[in-house]
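This report describes the fold of a single protein chain, with attention to its sheets, its core and selected side-chain contacts.

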Amino acid sequence: MSLTDSVDIDSKSEKPVSLIWGCELSSERDSYTFQVPEEWQCEQQLALRTICLGEAAQDEFHVVEIVAAEEGDARAPVPLATLKPSVLPMATLVGVELTPPVTFHLRAGSGPVYISGQHVSMMPNLSWDEEEEEEEEDAEEEEPAEELSEKPPKGQAAKKGSAAKRRLEKEDELNNVSPEDPLPSKGRGAGRGKKAAAKK
């Protein structure tokens, strides 16, 4: 389950904050625990992205595993990746999202092995009320601007008015045609002063 799945989409009270995270495992330091301070009351997640060997890694298998969070927990460690410089020096991890605390352990190999990802926190968004107020003010400012844009300048109003008058006059002429009056023809040569040829 991802962090965004557990949060209501319409919720404006929290916003995700993402930080780049990484650690190094080697023969000197073969385990690393990712944990957040207890005073952080917001939801936390670690989304892993890559695991790779350093340039000084020997050509041997390097096995990285995830160990259970609690020391008294009887769950077995879960292998995360097995890397070897000549075969697979790097692996991309997609969809590995963990909730802290998480402990990584270099089970085999001397390293260095680098693990990187994103630390995502759902932080309280205290400024969303201010943003809503600004959006309301912007909407109020746009309404008078729309009203002004609907009124044409004086010069254009006169032109539009005379064109409208002409169009109305033409419509009145067509509507006031009596049934005895012939309708104006719209064919070729109609109204050009040419007389039709007499039929033989």
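## Basis and overall architecture

Two strands are taken to pair if DSSP finds at least two bridges between them. The model discussed here is predicted.

The chain contains two helices and eight strands. Read from the N terminus, its elements follow the order β-β-β-β-β-β-β-β-α-α. Of its 200 residues, 23% count as buried.

## The sheet E1-E8-E3-E6

Four strands make up an open sheet with the order E1-E8-E3-E6 and antiparallel pairing. E1 and E6 are the edge strands, each pairing on one side only. Direction ignored, neighbouring strands of this sheet are turned by 15° against each other on average.

Strand E1 (residues 14–25) runs antiparallel to E8 and is joined to it by twelve bridges. Within this pairing, Leu19 has His119 in E8 as its bridge partner. Strand E3 (residues 44–53) is also antiparallel to E8, with nine bridges between them. Here Gln45 stands opposite Val120 in E8, and Leu48 stands opposite Gly117 in E8.

## The sheet E2-E7-E4-E5

An open sheet of four strands, again with antiparallel pairing, has the order E2-E7-E4-E5. Strand E2 (31–34) and strand E5 (78–83) each have a single partner strand, so one side of each of these edge strands lacks a neighbour in the sheet. On average, and with direction ignored, neighbouring strands of this sheet are turned by 20° against each other.

Five bridges connect strand E4 (residues 62–67) with E5 in the antiparallel sense. Among the paired residues, Val63 has Thr82 in E5 as its bridge partner.

In soluble globular proteins, nonpolar side chains tend to be buried together. The largest nonpolar core of this model has 22 residues, of which Trp21, Leu48, Ile51, Val64, Leu80, Phe104 and Ile115 touch the most other members. Two or more core residues come from each of E1, E3, E4, E5, strand E6 (90–98), strand E7 (102–108) and E8. The most are given by E3, which supplies four residues.

How many salt bridges does the model contain? The count comes to one salt bridge. This contact is formed by Glu65 and Arg107, whose closest N and O atoms are 3.7 Å apart. Because Glu65 lies in strand E4 and Arg107 in strand E7, the pair ties together parts that are 42 residues apart in sequence.

Are the two partners buried or exposed? With a relative accessible area of 6%, Glu65 falls under the 20% limit and is therefore buried. Arg107, at 56%, lies over the 50% limit and so counts as exposed.

## A nonpolar surface patch

Val17, Leu19 and Met123 make a nonpolar surface patch of about 220 Å². Leu19 is also the residue whose bridge partner in E8 is His119. Met123 belongs to strand E8 (residues 113–124). Its relative accessibility is 32%, so Met123 counts as partly exposed; the category lies between the limits of 20% and 50%.

Terms used. Residues are numbered from 1 along each chain as its sequence is written. This is a predicted model: local features need pLDDT of at least 70, side-chain atom pairs count only at pLDDT 80 or more; totals for chains, interfaces and linings use all residues. Side-chain values use heavy atoms; hydrogens and water are left out. Patches are made of residues with over 30% relative accessible area and no salt bridge: like charges are joined within 9 Å, nonpolar side chains (Val, Leu, Ile, Met, Phe, Trp, Tyr) within 5 Å. Accessible areas come from the Shrake-Rupley method with a 1.4 Å probe; for residues, only the protein chains shown count as cover. A salt bridge is a side-chain nitrogen of Lys or Arg within 4 Å of a carboxyl oxygen of Asp or Glu. Buried means under 20% relative accessible area, exposed over 50%, partly exposed in between (1.4 Å probe, protein chains only). Axes are lines fitted to C-alpha atoms, for helices over the stretch in contact, and angles run from 0 to 180 degrees between N-to-C directions. A nonpolar core is a set of buried Ala, Val, Leu, Ile, Met, Phe, Trp, Tyr and Cys residues joined through side-chain atoms within 4.5 Å.
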